[in-house]
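Keep the structure open while you read.

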Amino acid sequence: MFGQGGHAALALMSLLLLLWHDAAPIEVPQDLKQPPTIVKQSVKDYIVDPRDNIIIECEAKGNPVPTFSWRRNGKFFNIGKDPRVTMRKRSGTLEIGFRSGGRPEDYEGEYQCFANNEFGVALSNKILLRVSKAPLWPKEVLEPVVVTEGSPLVLLCNPPPGLPPPFTFWMNSAMTPIPQDKRVSMGLNGDLYFSNVLAKDAHTDYSCNARFLFTHTIQQKNPFTLKVLTKEPYNDTSYNTTDPYGGRKVAESTPTFLSPPGTESSKMVLRDEQLLLECIAAGLPTPTIKWFKKGGDLPGRKVKFENYNKTLKIINVSEEDAGEYVCMANNHLGSIRHSIFVQVKAAPYWLDKPTNLVLAPDENGRLVCRANGNPKPNIQWLINGQPVDSAPPSLSRQVLGDTIIFRSVQMGSSAVYQCNASNEHGYLLANAFVSVLDMPPRMLGLKNQLIKVIENNRTFLDCPFFGSPLPELRWFKNGQGSGLDGGQYRVYINGTLEIKRARSEDEGTYTCVANSILGTAENQVLLEVKERTRIVRVPEHQSAIRGSTARFDCVVKSDPSLPITVAWTKDDKPLYLGWRLKKDEESLTIPNVNEGDEGTYTCTVKSEIDQDSASARLTVLDRPDPPMDLDLSDPAARSVRLTWIPGNDHRSPVTQFLVQFEEDRWEPGRWQNLSTYPGDLNSVILQLAPYVNYQFRVIAINSVGQSQPSRPSPRYKTSGAAPDAIPRGLRGWGSKKDNMEITWEPLLDLERNGPNLHYNVFWRRKDLGHEWNNVTTMGSKHVVQNTETYVPYEIKIQARNEFGQGPESNVVTGYSGEDKPTDAPTDLRASKVNSTKTNIHWKPVDLNSIQGEFKEYRLYYWREASLVPGLMVSKEKKTKGFYSTVAEPSGILSDLVPFSKYKMFMVVANNRFESPPSNTVEFTTKEGVPDAPRFFRINRRSFDTIHLEWDKPLEPNGILIGYQLKYQTVNGSRIGRLQLEQFLPNVTDFTLRLPDRSTRYKFHLSALTQVGAGEVFAEESPHFANEENFTDATGLGNGE
């Protein structure tokens, strides 16, 4: 049977195993005898806090368990004689306590740990222990610094030399940082540099501060007092950025370097450290700093400019960063350069670090120790902590510079070798043991593992093994064939089998076999390849209005044999569903959304070996909160500024603000819209009407809707003024034949502009040159009496109140009332009568007899009778108007019914009255073609016949003489020969025999008079799908 473990991170673990085998030393099983190996130690340069106990770490493994000893400053450190020093059990870690007194400084020095068992001695690095120091600033009396305006200045910091060095910064007595810019800045050494001094720099509290990291304390230097001498009095109100000297004349100067001085300097930096180059220049105007590298470009990906371009920083320095760097300082008076020659040195670094070596008796091997540096490091070999040159000679060991060669090693020659690579900038120390063992192959991993992997993934099957001599390892699948290697398989030296892309056909039992001259060992792994777990419909970002329902999809596809769990998180925290949220297999539903639901929702689906997740953000939208804190300012006669603070927009930006007003004179309590403004404004000028006591409120509008109104503003009352508006809708018309009513629309309440509103109305006869008549009224109508009938008047109007008169309106023309026309049209006659229309003629009236506005000649006509015997007709009167002022007017009367007797008479009309009627005229329309038959039905009465029925037209338009029926077969787009049948007027049906029961026809039926065939009624015979229902009829017609 196969055991099953958790393998959710199998691919990652296997990849780590792969990387380990390419780079890591051979691991000897812990149950085997082996020399010591250092596994943990303190850093080489070890700075400790004096307030804490000192702990110097040294941990090692080995079999037997190692014992530990220490050297301090190159001499044996007797731990047992110092009561403050203890060593942890089964460890070499030292603890130095100071509860009973003592000074941590007494224990400063260089420490080295030795781990020892019967097979060798391993060494730690030499650990330089130093105690952190935060010395006080030396007491000093600082004289005031006096400098002329425009001159450069350096305020020295000189912080106390702490361990590690402190972080420096400048502040004033209010503990506010000194402002720094292109002109004033702190250098790398902590000094404060002024490229040129301004009068405004004069202060009494420039103080340099040093912050010590370990003790978290800040030391403060005594403050500098800076006095600036100016040629003219300085007034700080005259300072501005474009003229920092306030109009005073200050001598300009060309650039000079404050740091570093001169034209060139040098700098040494170690490989992988940080390079900082600095150029600070004096001058007026303040110089600009630029950097170059001679013979090449600055390394763009590693270089940064800081401190207003005065500092160039390169991180992770490498040898190619050496060279000449040039900084240039310039202003409009000139430029200067400074060259900094950078040397890159290197402490030793590994090229080939020695690793543990396990050999069987009589085997050969080697240890290699290769390192580089600048200068080139010196390589020294030690054995069990002693120089190899002073060790007893061995025929199986040969030292060749950075390599030790072993030949035909024997049992009992195990040892720990140290390689020390050193130069003036540092050293490297590596331990590597040589263990001579005689061990048949053995498997180190779990037996018969079940490994589940995801299809198409890079897969690693682990088979850790050991043996001495080193066994040969081979893999087999399902116990068949030769070993697996090559193609999509790769076997690593640590026993791992890589399958580059696992597929379903790769499932099976894999056997790894380790073989040496001492024996064979094997292990098996059962591999199952599973379909990937994935989310096929992911949740999508959405915005939901508060109170609505939001739904996130999470549809999953996975291997049927792998149980999965689906979990939701909100903002990376487990989501509590409660009673409101609903989760099913494919979605999460959030009803009645509120602001607390906003966030990022993540659906995570997990199987035992993989997982997938997808996220989407829910944004909850709501109406905005009402604006707040309405304020009125900038009052004017007809305007005021309204300012407000917008409320929360609830993630939907405000697009508009609606300003409303309420006034307490005309319609108190009623809020009216004043104006709308863009959503990015919160202060607007409101245009107002005079003589109104306003208060305002603001409504915010976003995509969801309107906010509640804000609280009202304070009231604002405008002063009165004469009216601005002109009354609208001015007209004059007669309600009687001897009057004229002058009417207009009264001004709106907000157009009154003041109390006691009246209207001045003016009128006079047009074109007679009369003086204006006028009247003042409060209403909206004035009636002029005793006018002549229908005569024109000129009319105008203006509004007035207590503050004065408004503008006059334009002059409009009105008319007095109309009377009945006295004359009737004469000699009405008809000509050119056909079946549907006739020409009419009449003699006009004298326009003066109309006694009003000439509207039209109005013809009344009606159908007296039809000439078709027995046909009843409607005698309803119809009218048609003719507008004509010619001497011999005429017109056309159309849409008449053929074969009918008509009568007509004419009147002339003004806006209110008609004249007496003209003479009555009778005329007869000619015969025409008939209307369509009243209905047309097609019935199927047997398999082989179609019966047609119809009725006579509603309007025969003459004497019917019969009917004609045209028909032809239809079959899709094919049409048969046209056939014709004619019937007497009393025949209204027809039976057609079908050549076969599937034949269909198209019929065209029309009625006939002497004039010709009338309107056609066209139909196709319907398709009868159920032949047994042939007695069912399909009725087709246009009414009965």
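Leaving aside its neighbours within four places in sequence, which residues is Gln-488 in contact with? The list is Glu-498, Ile-499, Lys-500, Arg-501, Arg-503 and Asp-506, where contact means heavy atoms within 4.5 Å. Gln-488 sits in the loop between β43 (472–477) and β44 (489–491). Helices (H or I, at least four residues) and strands (E, at least two) are DSSP runs, numbered from the N terminus. With 19% relative accessibility, Gln-488 counts as buried. Here buried means under 20% relative accessible area, exposed means over 50%, and partly exposed is in between (1.4 Å probe, protein chains only).

A word on the ground rules: this is a predicted model, so local features need pLDDT of at least 70 and side-chain atom pairs count only at pLDDT 80 or more, while totals for chains, interfaces and linings use all residues. Residues are numbered from 1 along each chain as its sequence is written, and side-chain values use heavy atoms, with hydrogens and water left out.

**Disulfides**

Searching the whole structure turns up six disulfides, a disulfide being a pair of cysteine sulfur atoms within 2.5 Å. Count the bonded cysteines along the chain and the pattern reads 1-2, 3-4, 5-6, 7-8, 9-10, 11-12. The table shows some of them, including the pair Cys-279 and Cys-327.

| Pair | S to S distance | Torsion about S-S | Hand |
|---|---|---|---|
| Cys-279 and Cys-327 | 1.8 Å | about -65 degrees | left-handed |
| Cys-369 and Cys-419 | 1.7 Å | -65 degrees | left-handed |
| Cys-463 and Cys-512 | 2.0 Å | 70 degrees | right-handed |

What do these links tie together? The disulfide of Cys-279 and Cys-327 has sulfur atoms 1.8 Å apart. Cys-279 is in the loop between β23 (275–278) and β24 (280–284) and Cys-327 is in strand β28 (residues 323–331), so this pair ties together parts 48 residues apart in sequence. Both Cys-279 and Cys-327 are buried.

Next, the link of Cys-369 and Cys-419 is left-handed. Cys-369 lies in the loop between β31 (365–368) and β32 (370–374), with Cys-419 in strand β37 (residues 415–423), so the parts joined are 50 residues apart in sequence. Cys-369 is buried at 0% relative accessibility, and Cys-419 is buried with a relative accessible area of 0%.

As for Cys-463 and Cys-512, their link is right-handed. Cys-463 falls in the loop between β41 (459–461) and β42 (465–468) and Cys-512 in strand β46 (residues 508–516), so the pair connects parts 49 residues apart in sequence. Cys-463 and Cys-512 are buried as well.

**A three-stranded sheet**

Three strands make an open, antiparallel sheet in the order β15-β18-β19. β15 (167–171) and β19 (217–220) are at the edges with a single partner strand each, so one side of each has no neighbour in the sheet. β15 and strand β18 (residues 207–212) pair over five bridges; pairing takes at least two DSSP bridges between two strands. Thr-168 stands opposite Ala-210 in β18.

Most residues other than glycine have a negative phi, and most peptide bonds are trans. Leu-163 and Pro-164 are joined by a cis peptide bond, with omega about -5 degrees, and Pro-164 lies in the loop between β14 (153–155) and β15. The bond from Ser-259 to Pro-260 is cis too, omega being near -10 degrees.

Asn-73 isn't a glycine, yet its phi is positive at about 55 degrees; Asn-73 is partly exposed, with a relative accessible area of 46%. Asp-629 also has a positive phi of about 55 degrees, and at 57% relative accessibility Asp-629 counts as exposed.
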